[in-house]
Structures are given as structure tokens and as C-alpha cells.
Amino acid sequence: MTAGENELIAVREYDVPRELVFQAWTTPDLLAQWWGPRGFTNTIHECDMRPGGTWRFTMHGPGGVDYPNLNVFVEIMPSERVVLDHLSGHEFRITAAFESFEGGTRVTFRQLFKEKEEFEQAKPICIEANEQNLDRLGELLAELA
């Protein structure tokens, strides 16, 4: 994971086709299985996978705390990219780009915060949480392959 101006960037490589990675990002039942850090579960209330569509869900923390989330999809390019704006709590844009390489898929996960102060506050938590999130994606992809 690297950090830029108000942005965290992580790159992962998975030994599965891009189409499968894209499916895990855009199928609500699959998304609910891997989204968030270890120990978290999700209840998806709404997931309208189109630009301008809303993704509303609750993350349930391992300590029993619920975290309501509101996101709006900005761009969905089949097997190439998913872009969404997180609008609840800290505001940030997530861009997940998928590119093929040597029979697998490279995922570049970018989290760009709107406000520098919020970025600095969230960075220590998000660095580890994003890594766990991508670990969980890899575990699901291995099961699906």
C-alpha cells in the first residue's frame, strides 16, 4: 500500500480472469461476502449497479457495532473498472481498476479522500482495513475459481 496526496493505493494480483474479479465487485451477494476488514459482515439494503445508482449497506463489526454506509456508483466499465463515491462518514472515491496479466488479474485499488484532515484521520485505520479487504477478495476468488 502506498499513500499519495489524500490517497491510498494498493495493488494486488490474483490468479483468476478479469471477468471473475469484476463479477465479485458487481454481484451484490458476492460483494457482501468479502467487503470490509476481517471479522466484518454486511447486510446490503440496496445495490443499483449503474452510474448514479446507490449502494446502501450496513457493515457489522466483530464487536457488535453497526456501520451504515452510503455509496453512489460513478462509473462501471465491464471487466475494466468500478468507481464509487462513499458519502457517509468520511467522503472518498474508490476506484478499482482491473487489468489482465500472465493469465491473472491485477487490481489497483485507489481510495481518494475529499478532505486532507479526514484522510490523515482515517489513514492509519484504512491502510490495514484495505489490505484485509483485498485479502478477503482473494479468498473469495480462490473459492470461485
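## Predicted fold: core, pocket and selected residues

Leaving aside neighbours within four places in sequence, Leu-137 is in contact with Tyr-14, Ala-24, Trp-25 and Trp-34, where contact means heavy atoms within 4.5 Å. The model is predicted, so that local features require pLDDT of at least 70 and side-chain atom pairs pLDDT of 80 or more, while totals for chains, interfaces and linings use all residues. Residues are numbered from 1 along each chain as its sequence is written, and side-chain values use heavy atoms, with hydrogens and water left out.

**Nonpolar core.** Leu-137 is also one of the residues that touch the most other members of the largest nonpolar core, together with Trp-25, Trp-34, Trp-35, Trp-55, Phe-98 and Leu-141. This core holds 36 residues; such a core is a set of buried Ala, Val, Leu, Ile, Met, Phe, Trp, Tyr and Cys residues joined through side-chain atoms within 4.5 Å. Helix α3 gives the most to the core, with 7 residues. In soluble globular proteins, nonpolar side chains tend to be buried together.

**Helix α1.** The buried residues of helix α1 (residues 18-26) are Leu-20, Val-21, Phe-22, Ala-24, Trp-25 and Thr-26. The elements that cover them include α2 (28-34), β5, β6, β7, β8 and α3. Helices (H or I, at least four residues) and strands (E, at least two) are DSSP runs, numbered from the N terminus.

**Largest pocket.** The largest pocket has a volume of about 650 Å³. A pocket is an open set of points on a 1 Å grid over the protein atoms alone where a 1.4 Å probe fits, with protein on both sides within 12 Å along at least five of seven lines; lining residues have an atom within 4 Å of a point. Of the 28 lining residues, those closest to the centre are Met-59, Asn-69, His-86, Phe-92 and Cys-126. Two or more lining residues come from each of β4 (54-60), β5 (66-77), β6 (81-86), β7 (92-101), β8 (104-113) and α3 (116-144).

**Selected residues.** The table gives relative accessible areas, with buried under 20%, exposed over 50% and partly exposed in between (1.4 Å probe, protein chains only).

| Residue | Relative accessible area | Class |
|---|---|---|
| Glu-7 | 13% | buried |
| Ser-79 | 13% | buried |
| Asn-133 | 4% | buried |
| Glu-102 | 78% | exposed |

Glu-7 is found in strand β2 (residues 7-14). The side chains of Glu-7 and Arg-110 are joined by a polar contact of 3.0 Å (N or O atoms within 3.5 Å, one able to donate a hydrogen and the other to accept it).

Asn-133 belongs to helix α3. Not counting residues up to four places away in sequence, Asn-133 touches Trp-34, Trp-35, Gly-36 and Phe-109; among these, Trp-34 and Trp-35 are named above for the core.

Ser-79 is placed in the loop between β5 and β6. With residues up to four places away in sequence set aside, Ser-79 touches Arg-18, Glu-19, Phe-22 and Phe-98.

**Backbone.** Most residues other than glycine have a negative phi. Ser-79 has a positive phi, near 60 degrees. Glu-102, in the loop between β7 and β8, has a phi near 35 degrees, again a positive value in a residue other than glycine.

Conventions: Grid points are joined across faces, edges and corners, and a volume is the space filled by probe spheres set on the points.
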